Amino acid sequence: ITLNNITANDNTGGIGTYLDNERFTLTSGAPIDSAAPVNVTLNGTNLFNGNGSDGLQIWSDGMITLSNITASYNFGDGAYLDNDFYMKLLNPRSIILKGWGTFVNNGLNGLEFNASGSVTLTRITADWNQLAGPGTGNGVVGEAGTSITFTCGSLNLNVAPGYDLTAGTFIVLKGVFTYGNGTANTTNTTPLVTITRSCPLP
């Protein structure tokens, strides 16, 4: 799936944009490789605001690459991204957010992800996300099978943590600022978390 310059605003009955290209079969409850995984890519500038559920929801067996996302004022998550299921241990797939991402004042979490491989986040603003159920209201929350690299972020005044991150190998935070969140930020990984205060990007 490759899309450009998507606007999906004010769909009060449900999700702004739902993309699903998971392709697997089940044998005795275990996934097997039935087809080569296909990726999801959003290019340009993409808007998902004011929807009745999540602003953007993606389920994929391949890499997820998003550019310049605004997903704010949604009743659910700003964006939910998941590529964790397909051949998870043998073929980990990445999630990449490039350009910038704005996830503000959503009913659940600003940005939530579940990746089989690495996650790369750049220039993320996730402020004022609200509590609408147990464990929600994070700025950014997610799990990566390998690493998380998060470069430049503003995660302020969320009801839950600014970030709650879990990675299989390491987490690197560069210039990620948090203030006034309802609970403490959390990182879960073995063995390494690296935090650099200054943002290296212009």
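Reader: Where is Asn5 found in the chain?
Author: This is a predicted model, in which local features need pLDDT of at least 70 and side-chain atom pairs count only at pLDDT 80 or more, whereas totals for chains, interfaces and linings use all residues. Residues are numbered from 1 along each chain as its sequence is written, and side-chain values use heavy atoms, with hydrogens and water left out. Helices (H or I, at least four residues) and strands (E, at least two) are DSSP runs numbered from the N terminus, and on that basis Asn5 is found in the loop between β1 (2-4) and β2 (17-20).

Reader: What is the phi of Asn5?
Author: Most residues other than glycine have a negative phi. Asn5 is not a glycine, yet its phi is positive, with a value near 50 degrees.

Reader: What value does phi take at Cys152?
Author: Cys152 belongs to strand β14 (residues 148-156). Although Cys152 is not a glycine, its phi is positive, at about 70 degrees.

Reader: Is Cys152 buried or exposed?
Author: The classes rest on relative accessible area with a 1.4 Å probe and protein chains only: under 20% is buried, over 50% is exposed, and partly exposed lies in between. The relative accessible area of Cys152 is 6%, so this residue counts as buried.

Reader: How far apart are the sulfur atoms of Cys152 and Cys199?
Author: A disulfide is a covalent bond between the sulfur atoms of two cysteines, and here the criterion is a pair of cysteine sulfur atoms within 2.5 Å. The structure holds one disulfide. Cys152 and Cys199 form it, with a separation between their sulfur atoms of 1.8 Å.

Reader: How many residues in sequence separate the parts that Cys152 and Cys199 tie together?
Author: The torsion about the S-S bond is about 90 degrees, so the disulfide of Cys152 and Cys199 is right-handed. Cys152 lies in strand β14, whereas Cys199 lies in the segment after β18 (192-196), so the pair ties together parts whose separation in sequence is 47 residues.

Reader: In what order do the seven strands of the open sheet run?
Author: Strands of a sheet pair through backbone hydrogen bonds, either parallel or antiparallel, and two strands count as paired if DSSP finds at least two bridges between them. In this open sheet of seven strands the pairing is parallel, and the order is β2-β7-β9-β11-β13-β15-β17.

Reader: Which strands stand at the edges, each with a single partner strand?
Author: An edge strand here has one side left without a neighbour in the sheet, because it has a single partner. β2, for its part, pairs with β7 in the parallel sense over four bridges. The strands at the edges are β2 and β17 (186-188).

Reader: Which residue is the bridge partner of Val141 in β15?
Author: Four of the five residues of strand β13 (residues 140-144) are buried, so β13 is largely enclosed by the rest of the structure. Strand β11 (residues 111-115) pairs with β13 in the parallel sense over five bridges, and there the partner of Glu112 is Val141. β13 also pairs with strand β15 (residues 163-167) in the parallel sense over five bridges, where the partner of Val141 is Asp164.

Reader: Which residues have the most contacts inside the largest nonpolar core?
Author: A nonpolar core is a set of buried Ala, Val, Leu, Ile, Met, Phe, Trp, Tyr and Cys residues joined through side-chain atoms within 4.5 Å. The largest such core has 34 residues, and those with the most contacts inside it are Leu81, Phe113 and Val140.

Reader: How far apart in space are Leu81 and Trp59, C-alpha to C-alpha?
Author: Leu81 lies in strand β9 and, at 1% relative accessibility, counts as buried. Contact means heavy atoms within 4.5 Å, and Leu81 touches residues including Leu56, Ile58 and Phe113, not counting residues up to four places away in sequence. Leu81 and Trp59 are 22 residues apart in sequence, and their C-alpha separation in space is 6.4 Å.

Reader: Is the ring pair of Trp59 and Tyr80 stacked, edge-to-face or tilted?
Author: Rings of Phe, Tyr and Trp (its six-membered ring) pair if their centres lie within 6.5 Å, and planes under 30 degrees apart count as stacked, over 60 as edge-to-face and the rest as tilted. By this rule the count comes to one aromatic pair. The rings of Trp59 and Tyr80 have centres 5.3 Å apart and planes at 45 degrees, so the pair is tilted.
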